[in-house]
Amino acid sequence: MSVRVYDLAHARAGDKGNTSNISVICYDAKHWEFLERELTPERVANAFKHIAKGPVRRFPLRNLKAFNFVIENALGGGVTISLAQDIHGKSLSNVMLAIELPEPQ
Amino acid sequence: MPVAVVLGDDVSSIVKHKPELTLIENGEPLESILPKMISANAYLGADVVREALDTGAPIVLSGRVADPSLFLAPMLHEFGWSYDDLPKLAQGTAAGHLLECTASVTGGCFGWPGKKEVPDLAHNGYPFADIKADGSIVIGKTPDTGGRLDVMTCTEQLIYEIHDPTAYITPDCVLDITGISLTQEGNNRVGVSGAKARPRTHTYKVNVGYADGYIGEGEVSYGGIDAVARAKWAAEIVKERLKLQGFTYDDFRVDLIGMSSLHDQVEIRPEPYEVRLRLAGRTRQRKAAHAIGFEVRAMHMHGPGGAGGACEPRVRDVLAVKSVLLPRNLVNSQVVVEGAQ
């Protein structure tokens with residue numbers, strides 16, 4: 001059994017240069033520890049490995065029942081030179097939401 | 001009507017003489033892009049915008065100013081906050097960050113059917129902030145408008161485009177959002193408290209724009225049986241024809257729109273009924289950029305069967321941007337009032 005990030009949290013992607021930042025915000029604060037344990041930077045880097053070279057850093061925001069993931073080398077060189085359709089990577093939050101995690105106990 | 005104009009963000013004549021500055025993105029010296037430089041603009045802060053407001057001019061025009069600083073400036077002007085008063089700078093900067101993307105905090109860039117409903121999004125209202133002299137802040141939404149403003153929408157916007165949440169560097173302070181509390185204080189009203197900050201840095205961030213060749217692209221559609229196989233075949237044919245003409249590209253990309261243009265991994269995506277093939281490349285030669293769209297359009301006549309709806313070849317100049325940090329004391333920001341009193 002597994003659960004998707006989508007089931008527990010919402011997310012938004014932003015861009016700066018060639019770096020994407022994606023927030024992951026719990027609907028319910030009681031899932032924060034579960035996500036802290038399971039939604040590791042390694043797991044996120046793996047989910048993005050076909051898009052971003054990384055590295056991936058994770059910043060906890062307990063006060064906002066959230067995390068901020070900063071994913072480097074993610075935007076095809078950056079907004080101004082990228083050949084991508086989605087040059088800002090706004091749609092990348094949906095890659096995050098689709099990550100599957102083991103079912104919470 | 002007098003207009004106060006904020007000048008000094010254009011620092012191209014200054015950085016021209018500082019080839020040793022380091023590009024933040026790749027660690028190389030600015031010298032590497034100076035011959036192709038088109039623009040260099042410092043992100044100015046709220047201090048000079050406050051000066052402009054202090055002239056009493058009803059309209060202020062500025063060059064490049066950091067987004068949250070545009071909102072902090074009227075607070076400095078109205079309340080006389082100083083740059084030593086870090087808790088208030090922090091609160092004002094946090095409010096500016098929440099407001100700077102306008103409707104992104106009132107339900108735009110947020111809604112999701114069945115999951116995050118937003119009422120009447122077509123009439124989405126703009127946000128405002130009620131700010132007191134003590135730095136207390138409540139974010140609100142214009143009355144009788146659609147959209148929603150609550151802790152969820154504010155949280156998404158608060159983290160938006162921030163990297164290290166303990167160190168969001170603006171020209172006015174280094175904001176720390178890790179102690180912020182967002183509290184629902186009524187319908188479409190959210191209180192913001194607990195922002196912290198350290199003093200502003202000794203540098204301005206400068207965006208340096210430079211000419212970096214051309215991007216060319218073309219698109220054509222395939223539908224029905226074997227649509228994806230025909231699109232993939234066409235991509236190979238176009239690439240071969242570009243190669244035959246001796247064109248080279250610094251970067252090249254094939255997208256199957258409807259399948260893998262946003263998140264890649266074509267090998268695991270289900271095949272759609274129809275697909276739009278897109279090829280794009282970046283190159284130093286305008287002719288090579290134009291050839292991409294030209295050859296994609298030629299798939300009507302020279303490619304696999306049943307290609308339809310190719311677009312005209314598209315070419316655009318690339319204005320690439322990299323950044324440097326420039327010591328504040330080298331930047332001469334100033335206010336000039338134009339027009340009759």
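B:Asp317 is placed in strand S14 of chain B, where helices (H or I, at least four residues) and strands (E, at least two) are DSSP runs numbered from the N terminus. The structure is a predicted model, in which local features need pLDDT of at least 70 and side-chain atom pairs count only at pLDDT 80 or more, while totals for chains, interfaces and linings use all residues. Residues are numbered from 1 along each chain as its sequence is written, and chains are lettered from A and ligands numbered from 1 in the order in which they are written.

B:Asp317 is exposed, because 12 other C-beta atoms lie within 10 Å. By definition, a residue is buried if 20 or more other C-beta atoms lie within 10 Å of its own, exposed if 12 or fewer, and partly exposed in between, with C-beta atoms placed from the backbone. When neighbours within four places in sequence are left aside, B:Asp317 is in contact with B:Ala211 and B:Tyr214; two residues are in contact if their C-beta atoms, placed from the backbone, lie within 7 Å. From C-alpha to C-alpha, B:Asp317 and B:Gln285 are 10 Å apart in space, although 32 residues apart in sequence.

B:Asp10 counts as partly exposed because it has 13 C-beta neighbours inside 10 Å. Its contacts, leaving aside neighbours within four places in sequence, are with B:Asn41 and B:Gly63. B:Asp10 and B:Asn207 are 197 residues apart in sequence, yet 9.9 Å apart in space, C-alpha to C-alpha.

The view now widens to the chain as a whole. Chain B contains 8 helices and 15 strands, and its C-alpha trace spans about 70 × 55 × 40 Å along its principal axes. Of the 341 residues in chain B, 41% are buried. Among contacts in chain B between residues at least 6 apart in sequence, 71% join residues at least 24 apart. The mean pLDDT of chain B is 97, and 100% of its residues reach 70 or more; pLDDT is the predictor's confidence in each residue, from 0 to 100. For the complex, the predictor gives an ipTM of 0.97 and a pTM of 0.95.

Helix H2 (residues 46–54) of chain B has as its buried residues B:Ala46, B:Val48, B:Val49, B:Arg50 and B:Ala52. The cover over these buried residues includes S1, strand S3 (59–62), helix H3 (67–79) and strand S15 (334–338) of chain B. After H2(B) comes B:Gly56, whose phi is positive, near 85°.

Two packed helices are described by the angle between their axes and the distance between the axes. H2(B) and H3(B) pack at an angle of about 50°, with their axes 8 Å apart. Axes here are lines fitted to C-alpha atoms, for helices over the stretch in contact, and angles run from 0 to 180 degrees between N-to-C directions. H2(B) and H3(B) are therefore oblique to each other; angles under 35 degrees count as roughly parallel, over 145 as roughly antiparallel, 65 to 115 as roughly perpendicular and the rest as oblique. On the side of H2(B), B:Ala46, B:Val49, B:Arg50, B:Leu53 and B:Asp54 meet B:Ser69, B:Leu70, B:Leu72, B:Ala73, B:Pro74, B:Leu76 and B:His77 of H3(B). This contact has 8 nonpolar, 2 polar and 2 charged residues, where Ala, Val, Leu, Ile, Met, Phe, Trp, Tyr, Cys and Pro count as nonpolar, Asp, Glu, Lys and Arg as charged, and the others, Gly among them, as polar.

Finally, chain B meets chain A. In this meeting, 36 residues of chain B are in contact with 26 residues of chain A. The elements giving two or more residues to this side of chain B are helix H5 (151–159), strand S11 (203–223), strand S12 (251–257), strand S13 (274–283) and strand S14 (314–327) of chain B. The largest share, 5 residues, comes from H5(B). By class, the side of chain B that touches chain A has 16 nonpolar, 9 polar and 11 charged residues. H5(B) is largely enclosed by the rest of the structure, because 7 of its 9 residues are buried. Those buried in H5(B) are B:Thr153, B:Cys154, B:Thr155, B:Glu156, B:Gln157, B:Leu158 and B:Ile159. Just after H5(B), B:Glu161 takes a positive phi of about 60°.
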